[in-house]
Amino acid sequence: MPGILHKWKQGDTTRQRIKFSDDRVCKSHLLNCCPHDVLSGTRMDLGECLKVHDLALRADYEIASKEQDFFFELDAMDHLQSFIADCDRRTEVAKKRLAETQEEISAEVAAKAERVHELNEEIGKLLAKVEQLGAEGNVEESQKVMDEVEKARAKKREAEEVYRNSMPASSFQQQKLRVCEVCSAYLGLHDNDRRLADHFGGKLHLGFIEIREKLEELKRVVAEKQEKRNQERLKRREEREREEREKLRRSRSHSKNPKRSRSREHRRHRSRSMSRERKRRTRSKSREKRHRHRSRSSSRSRSRSHQRSGHSSRDRSRERSRRRSSKERFRDQDLASRDRDRNSRDRSPRDRDRKDKKRSYESANGRSEDRRSSEEREAGEI
């Protein structure tokens, strides 16, 4: 009891320390097909597996595999393939040993003996099925299978009679052995029904059948998943190549037709600017509408106030307009005089000199003309 408790505690600590994805965990055990578990308690018991076996880890894997594909089928397939290959090698060695120890027989006799072996195998499988149905309580189905067993026994008696007639009496009495192709166990040609039922319904033979069927299923699953992954990989590669070709085509078209690309950019810029201008116009129109609405409302209010004020307000406005007009005339005259003064001040000294010279010249000419006219008058008088 203390040893079992220590082993349980050790397994519990191991499960807490590692996860199902760890390399130390048996992937065949997670898929419920490890030969160490299947053949446990048979004459070919392999003992404990070198890797970790834990039902809790298997439960964790079954839950996690619903959301993610860990592809543990490949590891389990490799494990079962190596085990079945060893079993097949043992079968071939046993066949060679029997061929060396037993008497040499012709091909015709060997075919008749093979027919007897096949009927023995059929009877053994049917008897194992009868026992299974009886244990389950299915009596009617068990009785139907027993009828098939009786038919197979009759065929076996006929095949044995044919084989006996083709062999000498001394040779027929010898025990002819055969190696089972499934579990590599030895089968006798003259085995009784009880022996055949024990073999074909035994845990060793059924365990090997389970392992071989599981191996075929794993091969199919692995092939499908590999094909799916290859297709996905090929699809991703084609997408990358298509993207690269598209980039190369765009770069070439851009290098060959820079004007076209510029015109496209210009059109894009123009469309953007036009859209912005439309937005501005719509905003300005909305503002104008609001302003018009406000001005109309204000004008209506002013008109109403004018109507209420009456004739007195009109007289006041007329008086104010007259005062404004007189003030404006005085202001205009004042401005005109200021402009004349400014223009006179803005004249340059050169212009002043020129005007002064002109005045002096005119005055001098005037005096000479006066003198000339006075002299002429005096001469005329004389």
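The model is predicted. Its largest nonpolar core holds 32 residues, and 7 aromatic pairs are found in the whole structure.

**Helix H4**

- In helix H4, which spans residues 55–64, the buried residues are Leu57, Arg58 and Tyr61. These residues lie on the same side of H4, because the arc they cover around the axis is only 100°.
- An α-helix has 3.6 residues a turn, so residues three or four places apart point the same way.
- Leu55 and Ile63 are exposed on the other side of H4.
- At the start of the helix, Asp54 places a side-chain oxygen within 3.2 Å of the backbone nitrogen of Ala56.

**Nonpolar cores**

- Within the largest nonpolar core, the residues that touch the most other members are Leu30, Leu39, Phe208, Ile211 and Leu218.
- At least two residues of this core come from each of H4, helix H5 (73–101), helix H9 (193–200) and helix H10 (203–256).
- Leaving aside residues up to four places away in sequence, Leu39 is in contact with Met44, Asp45, Phe83, Leu204, Gly207, Phe208 and Ile211.
- Another core, of 9 residues, lies apart from the largest one; Leu126, Val130, Val145 and Ala197 are among its members.

**Aromatic pairs**

- Phe20 and Phe70 pair edge-to-face, with 5.2 Å centre to centre and 90° between the planes. Phe20 belongs to the loop between helix H1 (2–17) and helix H2 (27–30), and Phe70 to the loop between H4 and H5, so their pairing ties together parts that are 50 residues apart in sequence.
- Phe20 is buried, at 13% relative accessible area, whereas Phe70 is partly exposed, at 23%.
- Phe70 also forms a stacked pair with Phe72, at 5.6 Å centre to centre and 25° between the planes. Phe72 is buried, with a relative accessibility of 7%.
- One aromatic cluster comprises Phe20, Tyr61, Phe70 and Phe72. Its member Tyr61 is also one of the buried residues of H4.

**Polar and charged side chains**

- Lys27 has its charged end over the ring of Phe72, 5.2 Å from the ring centre.
- Arg229 is positioned over the face of Phe71, 4.4 Å from the centre of the ring.
- Arg97 is located in helix H5 and is partly exposed, with a relative accessible area of 45%. The side chain of Arg97 makes a polar contact of 3.3 Å with that of Tyr186.

Notes
Residues are numbered from 1 along each chain as its sequence is written. This is a predicted model: local features need pLDDT of at least 70, side-chain atom pairs count only at pLDDT 80 or more; totals for chains, interfaces and linings use all residues. Side-chain values use heavy atoms; hydrogens and water are left out. Buried means under 20% relative accessible area, exposed over 50%, partly exposed in between (1.4 Å probe, protein chains only). Helices (H or I, at least four residues) and strands (E, at least two) are DSSP runs, numbered from the N terminus. The arc is that of the directions from the helix axis to the C-beta atoms. A polar contact is a pair of N or O atoms within 3.5 Å; within protein, one must be able to donate a hydrogen and the other to accept it, and residues adjacent in sequence count only if both atoms are side-chain atoms. A nonpolar core is a set of buried Ala, Val, Leu, Ile, Met, Phe, Trp, Tyr and Cys residues joined through side-chain atoms within 4.5 Å. Contact means heavy atoms within 4.5 Å. Rings of Phe, Tyr and Trp (its six-membered ring) pair if their centres lie within 6.5 Å; planes under 30 degrees apart count as stacked, over 60 as edge-to-face and the rest as tilted. A charge sits over a ring if NZ of Lys or CZ of Arg is within 6 Å of the ring centre and within 35 degrees of the ring normal.
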